[in-house]
Amino acid sequence: MRRAFFSPPDFTFDRKVEIGNGAFGKVYLGALTDTKTTICVKVSTNASDNTFEKEFELLAKMLGKEGIIQTHGFYDGGSFRYIVLEKADGTLEHLLNVPRHSLGLPMQLSLDLIGDLGNALTVLSELKIAHRDIKPDNILFFPNEKQKEDNFRNIFKLCDFGMGRSVRKMDATFHTAGGTIPYMCN
Ligand SMILES: Nc1ncnc2c1ncn2[C@@H]1O[C@H](COP(=O)(O)OP(=O)(O)OP(=O)(O)O)[C@@H](O)[C@H]1O
Ligand SMILES: [Mg+2]
């Protein structure tokens, strides 16, 4: 049985190398001590609520699932809590802001995005999880280094389950509005 909470391998991170800053915490660049694998460490800056634990519980349910950011574990350091994540190269928002993409993303990139996001939405539907804040900032991309240059493909994964909820029925109604205003609908 998969444990809801599990510890990451030993890791370090540098508070001077901040790669993200959002409503629920800050994200720093780090490394796993043994393997030197580059990671991201999401640090909770709010000790008074359990949003961070809930986010990790959802991530733990989605281990090994395509299209979803993968976690190495959760660490409770008292006043700070940490979610250790695989590191992506950037977000869809970054890709959209590249000047050569000002007229739109290239066809192959768009197809890769649609395929991976489709997989992610299937996983959410199967596991009865509502993300509730899907937007370009919360879609990460990873170049797939395993593939040859002529078969290059970007990989996209959904991240930031801070607004996420488990839902018993997929047609459940939420009574509290949530999300990021320009991306919300009613
Ligand atoms: N695994 C990762 N690899 C690379 N960058 C990441 C990773 N996780 C997060 N980031 C960066 O940090 C930013 C903030 O992370 P995240 O969205 O998880 O936090 P948040 O505090 O919930 O933000 P918000 O609620 O404002 O969207 C992301 O938009 C992205 O730029
Ligand atoms: Mg976010």
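Let's start with a strand pair. Strand E2, residues 25-32, and strand E3, residues 38-44, run antiparallel and share seven bridges. Strands here are DSSP E runs of at least two residues, helices are H or I runs of at least four, and both are numbered from the N terminus. Two strands count as paired if DSSP finds at least two bridges between them. Within this pair, glycine 25 sits opposite serine 44 of E3.

A word on the source. This is a predicted model: local features need pLDDT of at least 70, side-chain atom pairs count only at pLDDT 80 or more, and totals for chains, interfaces and linings use all residues. Residues are numbered from 1 along each chain as its sequence is written, while chains are lettered from A and ligands numbered from 1 in the order in which they are written.

Now the whole sheet. Five strands make an open, antiparallel sheet, ordered E1-E2-E3-E5-E4. Which strands are at the edges? They are E1 (11-21) and E4 (71-76), each pairing on one side only.

Next, helix H1, residues 51-61. H1 packs on the sheet and touches E2, E3, E4 and strand E5 (81-86). Contact means C-beta atoms, placed from the backbone, within 7 Å.

Finally, the domains. The protein chain splits into domain 1 (3-86) and domain 2 (90-183). These bounds come from an automatic or database domain assignment. The C-alpha centres of the two domains are 19 Å apart. Their contact takes 12 residues from domain 1 and 14 residues from domain 2.

Terms used:
Two residues are in contact if their C-beta atoms, placed from the backbone, lie within 7 Å. Axes are lines fitted to C-alpha atoms, for helices over the stretch in contact, and angles run from 0 to 180 degrees between N-to-C directions.
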